[in-house]
Amino acid sequence: MTKYLGDQAWSQATGGILRRRDRVALMRQLAGMQLGELARRLGLAKGPAALPLDVADIPVPDSATCRAAEEHVAASLSHALDLHSHRTYYWGMFLAHSEGLRPDPELLYVSALLHDLGLSAGEMPKARSCCFAVNGARLAGLFLQQQQWDSARRRSVFEAISLHLNLEVPASRHGAEARLLALGAHLDVTGRNLHRLHRRNAGSVLKRFPRDGFAEEITASVSAGHHPHTRAGI
């Protein structure tokens, strides 16, 4: 089986520890991202206009698994990370409109809620020996097995979570949900692609899910230490 940086086969084989060829792949992703940003700044690449949507325009799945995931994350993560997980879903859904993608809302919502389980207080020490995203994907898979999700849907969530630290996650290869989770998480942490949102998008999300304490939480996570040969540690 071909292993792609961040997918389930790669994660299980490496535990998220980067090999030389993985570092090269990340550098290529970084170069592509920088070239795309340069083209945007020079006016050579223009995407569709952002739609003036707000949180009320975005469907929120209400299945038993979604409700269980909400409760699990609220109990497992800090309040700041819980809010980050919700914002990630909305950013992803807003960007789905601009990219013409039609994700499975339940898959994306559950992936967004669970994507930082590896940063919970009880799991964070493991980030010194393996990738927190890979560990988080494993934890999400166990949770969804308890929810009696089939193996295909569990795999989709696993890969979306494990891939979300990549700088580029093509929907053509990994699916809309994986791409949108990565875009949403990156936007919330670094502001990447914020220019693609309408002012109404951002205002409505931040009003409902404020960023109180989030910057401090991320700084503390970095200070706590990640394995230096993982995507979060380099």
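Is Arg-153 buried, partly exposed or exposed, and what is the relative accessibility of Arg-153? At 22% relative accessibility, Arg-153 counts as partly exposed, where buried means under 20% relative accessible area, exposed over 50% and partly exposed in between (1.4 Å probe, protein chains only). The structure is a predicted model, in which local features need pLDDT of at least 70 and side-chain atom pairs count only at pLDDT 80 or more, whereas totals for chains, interfaces and linings use all residues. Residues are numbered from 1 along each chain as its sequence is written, and side-chain values use heavy atoms, with hydrogens and water left out.

Arg-153 takes part in two of the salt bridges described here, one with Asp-104 and one with Glu-106. A salt bridge is defined as a side-chain nitrogen of Lys or Arg within 4 Å of a carboxyl oxygen of Asp or Glu. The N to O distance between Asp-104 and Arg-153 is 3.1 Å. This pair links distant parts of the chain, as Asp-104 is placed in the loop between α4 (79–99) and α5 (105–114) and Arg-153 in helix α7 (residues 151–163), 49 residues apart. Helices are DSSP runs (H or I, at least four residues) numbered from the N terminus, and strands are runs of E with at least two residues. Asp-104 is partly exposed, at 26% relative accessibility. In the salt bridge of Glu-106 with Arg-153, N and O are 2.9 Å apart. Glu-106 belongs to helix α5 and Arg-153 to helix α7, so the pair ties together parts that are 47 residues apart in sequence. Glu-106 counts as buried, with a relative accessibility of 19%.

Across the whole structure, the search finds 12 salt bridges. Another of them joins Arg-200 to Asp-54, with the closest N and O atoms 3.0 Å apart. Here, too, distant parts of the chain are linked: Arg-200 is in helix α10 (residues 199–208) and Asp-54 in the loop between α2 (20–41) and α3 (64–76), 146 residues apart. The relative accessible area of Arg-200 is 42%, and the residue is partly exposed, whereas Asp-54 is buried at 17% relative accessibility.

The largest nonpolar core contains 62 residues, of which Tyr-89, Tyr-90, Phe-94 and Leu-114 touch the most other members. Such a core is a set of buried Ala, Val, Leu, Ile, Met, Phe, Trp, Tyr and Cys residues joined through side-chain atoms within 4.5 Å. At least two residues of this core are supplied by each of α3, α4, α5, α6 (132–146), α7, α9 (176–190) and α10. Helix α4 gives the largest share, nine residues. Beyond its neighbours within four places in sequence, Phe-94 is in contact (heavy atoms within 4.5 Å) with Leu-53, Asp-54, Val-55, Ile-58, Leu-197, Asn-201, Ser-204 and Val-205.

Helix α5 has nine of its 10 residues buried, so it is largely enclosed by the rest of the structure. Among the buried residues of α5 are Glu-106, Tyr-109 and Leu-114. The elements that cover the buried residues of α5 include α3, α4, α6, α7 and α9.

Four aromatic pairs are found in the whole structure. Rings of Phe, Tyr and Trp (its six-membered ring) pair if their centres lie within 6.5 Å, and planes under 30 degrees apart count as stacked, over 60 as edge-to-face and the rest as tilted. Tyr-89 and Tyr-90 form an edge-to-face pair, at 5.4 Å centre to centre and with 75° between the planes. Tyr-89 is buried at 0% relative accessibility, and Tyr-90 is buried with a relative accessible area of 3%. The ring centres of Trp-91 and Phe-94 are 6.5 Å apart and the planes are at 50°, so this pair is tilted. Both residues of the pair, Trp-91 and Phe-94, lie in helix α4, three residues apart, about one turn of the helix. Trp-91 is buried with a relative accessible area of 3%, and Phe-94 is buried with 4%. One aromatic cluster is formed by Tyr-89, Tyr-90, Tyr-109 and Phe-209.

On the surface, Leu-35, Leu-38, Leu-42 and Leu-44 form a nonpolar patch with about 460 Å² of accessible area together. Patches are made of residues with over 30% relative accessible area and no salt bridge, like charges being joined within 9 Å and nonpolar side chains (Val, Leu, Ile, Met, Phe, Trp, Tyr) within 5 Å. Accessible areas come from the Shrake-Rupley method with a 1.4 Å probe, and for residues only the protein chains shown count as cover. Leu-44 is placed in the loop between α2 and α3 and counts as exposed, at 67% relative accessibility.
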